[in-house]
Amino acid sequence: MKEAIFQSIRLSDFELKDSDLIELDHRTIVVTKWNWEYSLAHKFQISALGIVQDTPNLRILICCSHPEVLTNGRGLQKPRKGEVLQLIEFNPKDHENLPYPLFQIERGGGLTFHHPDQFIFYPIVKLNPKSLSLSLMIDQIFDFSIDVLKTWGISNLSHENKLLGLWHNDRKLASMGIAIEKLTTFHGMALNMKENKNMKAALAKLNPCGLNADTYTSVDALAELPANFLEVFREQFLQRIKHEWK
């Protein structure tokens, strides 16, 4: 399946190999690449978006991480009627000497950060109001993550917060920012697996997702990480997708 689907692009243009792609089931291709340069991953997402839009019943799921980089979306989360969200808007002009590259991208949300010890999940998926709405997809991605992390000994996880994300009590563990084109999603979730001290120092002067950087936590602050934690999480996370996303 994957050879026929990707015949329109050259994987090498994105520093991918055929072995980076697996078939999870009859309609789902998973792409995995750790420490993937952000601009290449973004270009691949755009190519994958077009392929999924043109191919009935296909899903492309990207599991990756990136070198240290900042991304900025279309704007911070808007409050619902009656809500007050005390978020700090990011203006790139106020931070002309950022320590890491900054990409302005299509997803919702504000400034966020990536580094090699995050688990990043980009679902390139056609939405269907009857079977997989955007809200259901987001809830399930968080629920699958919670299910895995519970087996690692972490409790008190929730995404039932007025601020979008995966939370451990009052600390944010994962961010979510989705873009949609022709009912097909791209961008996605960034889960902080291990604290990156360089990124933490850089964020001290920034407000990712409009929040004080101290709001964020990581899995390694809550439980001992297994060896090869990115691969282990990926395998357990994908098994839940395979079971639930028919």
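Begin by selecting R234 and E231: being three residues apart in helix 5 (residues 229–244), R234 and E231 are separated by about one helical turn. Here a helix is a DSSP run of H or I with at least four residues, a strand is a run of E with at least two, and both are numbered from the N terminus. You are looking at a predicted model, in which local features need pLDDT of at least 70 and side-chain atom pairs count only at pLDDT 80 or more, while totals for chains, interfaces and linings use all residues. Residues are numbered from 1 along each chain as its sequence is written, and side-chain values use heavy atoms, leaving out hydrogens and water.

**Stop 1: the pair in helix 5**

Show the side chains of R234 and E231. They form a salt bridge, with the closest N and O atoms 3.3 Å apart (the term asks for a side-chain nitrogen of Lys or Arg within 4 Å of a carboxyl oxygen of Asp or Glu). Side chains of opposite charge can pair when their charged atoms come close. R234 counts as buried because its relative accessibility is 9%, whereas E231, at 32%, counts as partly exposed.

**Stop 2**

How many salt bridges does a search of the whole structure find? The search finds seven. Select D18 and K2 for one of them, where the closest N and O atoms are 3.7 Å apart. This pair links distant parts of the chain, 16 residues apart: D18 sits in the loop between helix 1 (2–5) and strand 1 (21–25), and K2 in helix 1 itself. D18 is partly exposed at 42% relative accessibility, and K2 is buried at 14%.

Now pick D25 and R59, another salt bridge, whose closest N and O atoms are 3.6 Å apart. D25 belongs to strand 1 and R59 to strand 3 (residues 59–64), so this pair ties together parts that are 34 residues apart in sequence. Are these two partners buried or exposed? D25 counts as buried at 18% relative accessibility, and R59 counts as buried at 4%.

**Stop 3**

Colour helix 3 (residues 134–151) and helix 5. Their axes come within 9 Å and cross at roughly 130 degrees (axes are lines fitted to C-alpha atoms, for helices over the stretch in contact, with angles from 0 to 180 degrees between N-to-C directions). Helix 3 and helix 5 are therefore oblique to each other; angles under 35 degrees would count as roughly parallel, over 145 as roughly antiparallel and 65 to 115 as roughly perpendicular, with the rest oblique. To see where they meet, select residues including I141, F144 and V148 in helix 3, and F233, F237 and I241 in helix 5.

**Stop 4: T71 in strand 4**

Move on to T71, which has its place in strand 4 (residues 69–75). T71 is buried, with a relative accessible area of 0%. Beyond its neighbours within four places in sequence, T71 is in contact (heavy atoms within 4.5 Å) with residues including Y38, L102, F103 and H114.

**Stop 5**

S175 is in strand 10 (residues 171–181) and is buried, at 8% relative accessible area. Its side chain makes a polar contact of 3.5 Å with the side chain of K172. Next, select I29 in strand 2 (residues 28–33). I29 is buried, with a relative accessible area of 0%, and among the residues in contact with I29 are M1, I5, L21 and L58.

**Last stop: two asparagines in loops**

Finish with N35, in the loop between strand 2 and helix 2 (38–54). Its phi is near 55 degrees, a positive value in a residue other than glycine, and N35 is partly exposed at 42%. N228, in the loop between helix 4 (197–203) and helix 5, also has a positive phi, of about 55 degrees, although it is not a glycine. N228 is exposed, with a relative accessible area of 61%.

Key. Buried < 20%, exposed > 50% of the residue type's maximum accessible area, 1.4 Å probe, protein only. Polar contact = N/O pair within 3.5 Å; in protein donor to acceptor, adjacent residues only side chain to side chain.
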